[in-house]
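Please keep the sequence and the three-dimensional view at hand while working through the points.

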Amino acid sequence: MAQNNDPSPFLFIGLFLIFGAGGGYWFFVRQPSPEQPMETVAPNQAPTSAGQTPPTAETAKFPKPTSVAGGTVIRIDGSTSMVTLNRTLKQGFEGQFANTTVETQANGSDKGIQGVLIGQLDLAAVSRPLSSQETQEGLMAFPVTTDQIAIAVSNSNSLSAGLTMQQVKDIFQGKITNWSEVGGSNRPIRVINRPVVSGTRQAFQELALQGENFGTSANITTLDRDATTPMLQALGEDGIGYATADQIINQQTVRAVAIDGVLPGFSGYPYTRTLYYVYKSPPNEVVTAFLGYVDSMN
């Protein structure tokens, strides 16, 4: 997957605004989504998506830890969209609390959630809201920040303008199959989709397809694993895919597509989501310490 160099833990403040022009991405600040103001979201409560029930919020706020026992190990796995965030928090936490270890992996949101449920993980890094079934199993979602899902095409793609939300929906449902239908050249569209286990796929399905299914036509290819780099490499001249926006913006061979005239990084971009840390309730000491540290960064 495409990753940036790890920032120093002393640069947390600089992460408040990434790619600042037009509003960028806010890290460590729980930004409100366009549909739901932040004031209505309790500290541990995920915003509701279509067809999903929000978890019951815990009233307790995670306190800022003053000390953490040496030898503490925190195990995190989940969304590829949170790799940079996870590694930045890992550096900061380990730097502040001596002899602690934060282990991070990125095997997808669903893998992380399953790991928390069976006790193999302390936290899942998740790029979608929890389902009602998951909350009934005792999982809680702690909102960390927001990011945006970018529609990606190659720089050599014939599409000169952006797309509308309806066009995006029709492309990923297999109703639009030629670039000439959206202002490009007369060439077939190849849709590169992420696997079912991907939290980014599930969030994109809610945001772009309004919860409806992806298409099953021959021009739609689903990747075997949830990773951004293979998706970008597969785009070629006629492909289209999607990924968390900060994995697209600095690429040299691909570009993000404006949606209804708005590019990622600007206010009003439609495909904006919340990223979470998910844990099993009640939280153990390790979870409490780490989320207290994360909360203190706000």
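**Salt bridges and packing in a predicted model**

Asp-110, Arg-128 and Glu-134 are joined to one another in a network of salt bridges. The model is predicted, and its salt bridges number nine in total.

**Salt bridges between separate parts of the chain**

- Asp-122 and Arg-75 form a salt bridge through their side chains, with 3.2 Å from N to O. Because Asp-122 belongs to the loop between helix 2 and strand 3 while Arg-75 belongs to strand 1, the pair ties together parts that are 47 residues apart in sequence.
- Asp-122 is buried, at 7% relative accessible area, whereas Arg-75 is partly exposed, at 28%.
- A salt bridge also links the side chains of Glu-212 and Lys-169, at 3.1 Å from N to O. Glu-212 is in the loop between helix 5 and strand 6 and Lys-169 is in helix 4, so this pair ties together parts that are 43 residues apart in sequence.
- Glu-212 is partly exposed, with a relative accessible area of 36%, but Lys-169 counts as buried, at 11%.
- Arg-194 and Asp-226 meet in a salt bridge of 2.8 Å, N to O. Arg-194 lies in the loop between strand 5 and helix 5, and Asp-226 in the loop between strand 6 and helix 6, so parts that are 32 residues apart in sequence are tied together.
- Both residues of this pair, Arg-194 and Asp-226, are buried.

**Ile-74 in strand 1**

- Ile-74 is part of strand 1, which covers residues 73-78. Its relative accessible area is 0%, so Ile-74 is buried.
- Among the residues that Ile-74 touches are Phe-93, Asp-122, Leu-123 and Phe-290.
- Ile-74 and Phe-290 are 216 residues apart along the chain, yet their C-alpha atoms are separated by 7.9 Å.

**Helix 1 against helix 7**

- Helix 1 (residues 83-96) packs with helix 7 (residues 285-296) at an angle of about 110 degrees, and the axes are 11 Å apart. The two helices are therefore roughly perpendicular.
- Helix 1 contributes Leu-89, Gly-92, Phe-93 and Gln-96 to the contact, and helix 7 contributes Ala-289, Phe-290, Tyr-293 and Val-294.
- Six of these contact residues are nonpolar, two are polar and none is charged.

**Helix 5**

- Helix 5 spans residues 199-208, and eight of its 10 residues are buried.
- At the start of helix 5, a side-chain oxygen of Ser-198 comes within 3.2 Å of the backbone nitrogen of Thr-200.
- After helix 5 comes Gln-210, which has a positive phi near 55 degrees.

Technical notes. Residues are numbered from 1 along each chain as its sequence is written. This is a predicted model: local features need pLDDT of at least 70, side-chain atom pairs count only at pLDDT 80 or more; totals for chains, interfaces and linings use all residues. Side-chain values use heavy atoms; hydrogens and water are left out. Buried means under 20% relative accessible area, exposed over 50%, partly exposed in between (1.4 Å probe, protein chains only). Helices (H or I, at least four residues) and strands (E, at least two) are DSSP runs, numbered from the N terminus. A polar contact is a pair of N or O atoms within 3.5 Å; within protein, one must be able to donate a hydrogen and the other to accept it, and residues adjacent in sequence count only if both atoms are side-chain atoms. Contact means heavy atoms within 4.5 Å. Axes are lines fitted to C-alpha atoms, for helices over the stretch in contact, and angles run from 0 to 180 degrees between N-to-C directions. Angles under 35 degrees count as roughly parallel, over 145 as roughly antiparallel, 65 to 115 as roughly perpendicular and the rest as oblique. Ala, Val, Leu, Ile, Met, Phe, Trp, Tyr, Cys and Pro count as nonpolar, Asp, Glu, Lys and Arg as charged, and the others, Gly among them, as polar. A salt bridge is a side-chain nitrogen of Lys or Arg within 4 Å of a carboxyl oxygen of Asp or Glu. Lists of a residue's contacts leave out its neighbours within four places in sequence.
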